[in-house]
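Take the ring pairs, the helix packing and the backbone details in turn.

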Amino acid sequence: MARRAANNTVDLLRYFHENLSAHFTALHAARNILELNSPVFALEHNLPHDDLDNLKMAVRSAVQAGLGDHYRQWWLPFVVYAAESGYDYVGPEYWRSFEESTPGWHSDQRHWIKTWYRKFADNYGGAVPSGAFASNFTIISWPITHAVLPTYLQRQLAQLLFEFSGALTSQLLDDPAALGIRLARRASNYTERFRIFCENTNLVGQVATALLSGENEPTPYLSEATLTRIVNGLSREQQSRHWLKTAQQSASRVRDLLPDRASPAVNRFSGPIPRERDPRLFLRHEGKWNAYAELPNLTALGADHPQIYRQLRISRATVSGSARPVPPSGLLYPRQEVRFSSWPRTDQPFIQLNRGDEQTNQILANQCAITYGPWWLFRRHRSGVAIETKGKIVRPGHDYILIGSDSLAKPNLPWITETNIEVQGVRAYELTVPPQLREDESSALLNAGLRVVSHVAIRPVGVVASSWDGEGEVELMAGEPAILGIRSDLLPTRCCVLVNDSSYSLEWPPNEKEIFFALDGLPVGTHELNFILFGNGNRQLTSGIITIAIREPEAHPEGASTGEGIRLIATPTRPTISELWDNRAMVTIDGPLGAKAELRVALENEKGELLIKLQRQIQLPIEKKKWQAIAKSIRADKLFSSVYDTAEFCALSVIRDGVGFATLTCERGFQPLRWSFNRNHDGQVTAKLVDRTDGGSTTFDFYDIEAPLVAVPKDPIMPFEAPPRGGLVIAKAGSFIAAAVLPTNPNTVFRLDPVRPIMPAMSRSARDILHLAENHRRWTDADLPADPFAVYEQQIFGDAIARTIGTLIGGRHWAAIEQKLTRAEEIVNHLDEMQDAVGISTEHKALASAIAYSLYKWLKPEDLLIGFHEVIKPYLASNGLINRLSIPRFLLELAGRPGGITEWDANDSDFILNRVLQSPVLYRAARFAVLGTRALNDAEGVERGF
């Protein structure tokens with residue numbers, strides 16, 4: 001009977017293999033004749049339901065029988081089976097869901113999947129995975145790619161197509177590769193799993209083009225049965241059906257239009273063309289003129305380069321001329337402003353990421369720059385604001401502010417007067433341009449790099465422009481017609497308009513001062529429009545220029561849907577669940593001052609099923625400090641903590657009737673490795689590693705809180721029973737790392753003596769101090785469970801590391817104080833001893849005294865950094881550190897949270913540490929400042945400080 005069953009399975013596999021081979025061969029031939037390279041997907045098998053059920057039964061029988069050679073030679077059914085599994089799976093692990101539905105499957109058989117899909121690509125033109133996901137997941141990327149559009153991503157693609165529909169052009173609809181790239185840019189504010197899917201831009205473009213083909217319309221990019229299947233899946237939900245139908249209607253309208261004029265712009269006139277991501281400079285009168293820049297939203301740039309997006313999300317940015325850095329994620333939001341304390345230098349990059357790599361900062365320098373000087377022109381408005389005129393055009397009868405270097409001579413004009421500006425390095429002049437200019441006045445303006453335009457003006461009309469500087473630059477959203485008006489006090493007979501590679505001749509209506517015309521179908525990007533007015537006898541009267549920037553409509557930042565009166569912003573943008581609730585992300589909520597609103601928190605599992613929903617009454621607005629208190633109280637809620645570790649999704653909503661609403665959604669993220677915890681009725685915690693990698697190389701180390709630097713290897717497959725005090729677990733697979741602090745068993749911990757982490761003997765060297773700092777970083781960067789005792793254990797370890805470093809660097813007297821701190825409940829009792837131990841020389845005692853008298857003024861981290869820099873500056877100079885302005889921050893991090901120094905350049909860290917070891921007073925002063933401010937601060941201040 002067993003032999004007969006095996007023969008039946010082989011016969012079924014052979015039958016399906018041969019039929020599928022014929023089908024995919026024909027499909028491959030049909031795709032080959034298309035102009036664009038169009039792959040074949042295993043999901044396009046077109047099998048009826050009954051046949052597909054029989055195929056699955058045959059594959060499962062072969063697997064249960066051991067998957068011998070006589071089964072594997074008929075491999076096409078396995079390719080289809082794996083693609084079907086990829087289409088349906090919604091859980092955290094492809095392999096787990098695959099193995100649950102395929103009894104008898106073993107992890108050592110996974111390599112066959114990749115082998116079969118490579119054959120499919122070679123023999124039938126099958127799709128080849130691409131992008132970072134394919135590079136990191138070399139096996140499962142194949143069946144997920146060949147699933148075309150897994151069910152859990154369908155709703156998000158429908159929404160993306162709906163939001164992008166205003167930017168569709170016929171050229172994009174005819175070019176799936178270009179459409180995929182554009183859609184991937186817009187996906188940066190979607191969930192991480194969807195962004196991973198969009199990294200394969202060719203696949204996204206093929207699927208999107210097929211979906212936008214319209215109902216009952218064939219497409220060459222997907223088989224009819226597969227397209228119908230995906231559309232039916234999207235149509236099961238009303239909202240997804242609406243999104244898709246609206247996007248299809250927009251695509252249909254675009255196809256009915258004439259082809260787009262999308263040729264590159266031809267610069268027939270000199271002058272700078274603003275780039276898509278340049279900042280917008282403006283002045284604001286606040287007693288004196290102050291200069292500002294409205295920073296560009298670099299979300300689209302980050303979408304083009306995922307590695308840049310990650311750096312934009314977590315790195316502060318320095319803006320040339322601005323005293324304050326831009327916080328992490330600040331460049332991923334629109335309308336962010338910075339104020340200039342000095343004028344930005346044009347010979348240096350305008351924006352740089354503090355921890356960005358060289359390539360990223362070079363891209364930012366190229367993509368985001370201000371106009372070149374030596375003069376900058378701003379047109380004044382009645383609101384007390386002056387907006388830069390990038391074309392440097394002045395018009396008779398208007399008012400301007402002219403800014404130039406303080407080394408430049410004042411233009412020789414009778415109607416120009418100097419005015420006060422609160423910016424170093426420049427002078428400002430008010431220009432009240434008379435209605436008529438003499439020839440010498442025009443020449444003086446030209447010598448300052450300014451152009452004079454008279455007799456003619458061009459402006460946007462019709463649809464309200466998104467941005468208009470009043471002179472030479474207008475910004476419109478994609479899909480809006482560019483309707484322009486040209487006005488002249490001359491008597492032209494015709495107007496010639498030059499845009500991109502096209503020219504148009506417009507007859508000027510007799511006795512009319514203004515002519516109107518529309519430009520349809522301008523693609524996203526920057527276009528320069530030139531116009532020339534001609535009179536009788538074809539004589540040229542005058543000319544002008546305007547720059548039109550077409551932008552894609554901006555999605556709501558951080559994936560939040562924003563109400564009319566409430567705005568919710570998270571930093572970093574789109575935080576993970578861990579970042580949101582571990583206080584590594586900050587949330588601010590803007591709304592009417594004093595208004596009460598309802599905060600709702602919902603946690604869902606991997607299938608989107610609701611686990612818990614909490615509600616809190618809040619008073620708007622919510623600033624960062626207030627959010628920290630709210631987050632802490634929610635995390636301490638027993639209902640929240642009971643499901644937090646198993647939740648995959650979180651929705652944060654703020655609702656106020658009559659005012660508006662805002663929502664923020666976040667997820668665990670598609671982490672290749674992740675820890676999940678279960679607690680039994682006795683409080684015993686079991687840790688299980690969720691391994692989404694292709695397997696085979698995963699390792700697992702455990703660090704006990706009492707021996708926190710000693711790694712104990714464990715089996716990554718078997719569940720791990722955590723000790724009562726918890727500890728640290730770290731899993732690694734290639735470049736992937738998952739670190740988590742284990743939950744504790746509070747019932748047992750209460751009965752135990754206080755923990756005292758044991759630190760191994762270390763030498764007084766930069767290498768060993770860095771080793772301790774790396775261990776500090778390992779513990780403090782690990783994910784935290786919803787367990788306040790685990791947070792306490794983490795703090796105990798961090799303090800133990802800092803004390804060990806203090807013992808190594810500080811010297812014998814300081815080491816004695818550090819030992820007392822292990823037994824003391826309050827640092828404040830030892831502040832006098834610390835002050836005395838900073839140093840014995842007169843200069844050192846003066847330093848210690850200056851710190852002691854300033855502690856109460858340094859309770860905020862920014863005040864501590866600035867104040868400590870002032871008092872330590874002379875000692876930095878004497879130790880050869882005067883030209884390194886960031887040394888005070890390094891010292892404070894080393895003294896308080898030493899893991900932070902691991903982010904510094906290795907050569908810089910080694911250099912500074914060796915200088916500190918030679919002159920320990922630098923460290924002792926920093927440690928005194930950190931511990932002193934902790935002693936005088938409240939719990940929230942300690943948490944936010946060094």
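Y124 is buried, at 6% relative accessibility. The model is a predicted one. Y124 has a ring partner, F120. The two ring centres lie 5.5 Å apart. The planes meet at 40 degrees, so the pair counts as tilted. F120 is buried too, with a relative accessible area of 0%. Both residues belong to helix α6, which covers residues 111–124. They sit four residues apart, about one turn of the helix.

Across the whole structure, a search finds 25 aromatic pairs. One of them joins Y15 and F16. Here the centres are 5.3 Å apart and the planes stand at 65 degrees, an edge-to-face arrangement. That label applies because the angle is over 60 degrees. Y15 is partly exposed, at 45% relative accessibility, whereas F16 is buried, at 3%.

Now turn to helix packing. Two packed helices are described by the angle between their axes and the distance between the axes. Helix α29 spans residues 861–878 and helix α32 spans residues 921–936. Their axes come within 11 Å and cross at roughly 160 degrees. That angle makes α29 roughly antiparallel to α32, because angles over 145 degrees count as such. The crossing of α29 and α32 is right-handed. Which residues make the contact? From α29 come L864, F868, I872, Y875 and L876. From α32 come L922, A925, A926, A929 and T933. By class, the contact residues of this helix pair are nine nonpolar, one polar and no charged.

Next, a loop residue. T744 lies between β34 (736–742) and α23 (746–749). Is T744 buried or exposed? It is buried, with a relative accessible area of 1%. Set aside the neighbours within four places in sequence, and T744 is in contact with R679, G683, V685, P724, R725, G726, V749, D787, F789, A790 and E793.

Where does a cis peptide bond occur? The bond from L620 to P621 is cis, with omega near -10 degrees. P621 is in the loop between β25 (610–619) and α21 (624–635).

Two other loop residues stand out by phi. N46 is not a glycine, yet its phi is positive, about 60 degrees. N46 falls in the loop between α1 (2–32) and α2 (49–64). With 36% relative accessibility, N46 is partly exposed. V148 also has a positive phi without being a glycine, here about 65 degrees. The loop that holds V148 runs between α8 (141–146) and α9 (151–164). V148 is buried, at 0% relative accessibility. So a positive phi goes with a partly exposed site at N46 and with a buried site at V148.

Methods:
Residues are numbered from 1 along each chain as its sequence is written. This is a predicted model: local features need pLDDT of at least 70, side-chain atom pairs count only at pLDDT 80 or more; totals for chains, interfaces and linings use all residues. Side-chain values use heavy atoms; hydrogens and water are left out. Axes are lines fitted to C-alpha atoms, for helices over the stretch in contact, and angles run from 0 to 180 degrees between N-to-C directions. Angles under 35 degrees count as roughly parallel, over 145 as roughly antiparallel, 65 to 115 as roughly perpendicular and the rest as oblique. A crossing is left-handed if the near helix is turned anticlockwise from the far one by less than a right angle, and right-handed if clockwise. Contact means heavy atoms within 4.5 Å. Ala, Val, Leu, Ile, Met, Phe, Trp, Tyr, Cys and Pro count as nonpolar, Asp, Glu, Lys and Arg as charged, and the others, Gly among them, as polar. Rings of Phe, Tyr and Trp (its six-membered ring) pair if their centres lie within 6.5 Å; planes under 30 degrees apart count as stacked, over 60 as edge-to-face and the rest as tilted. Buried means under 20% relative accessible area, exposed over 50%, partly exposed in between (1.4 Å probe, protein chains only).
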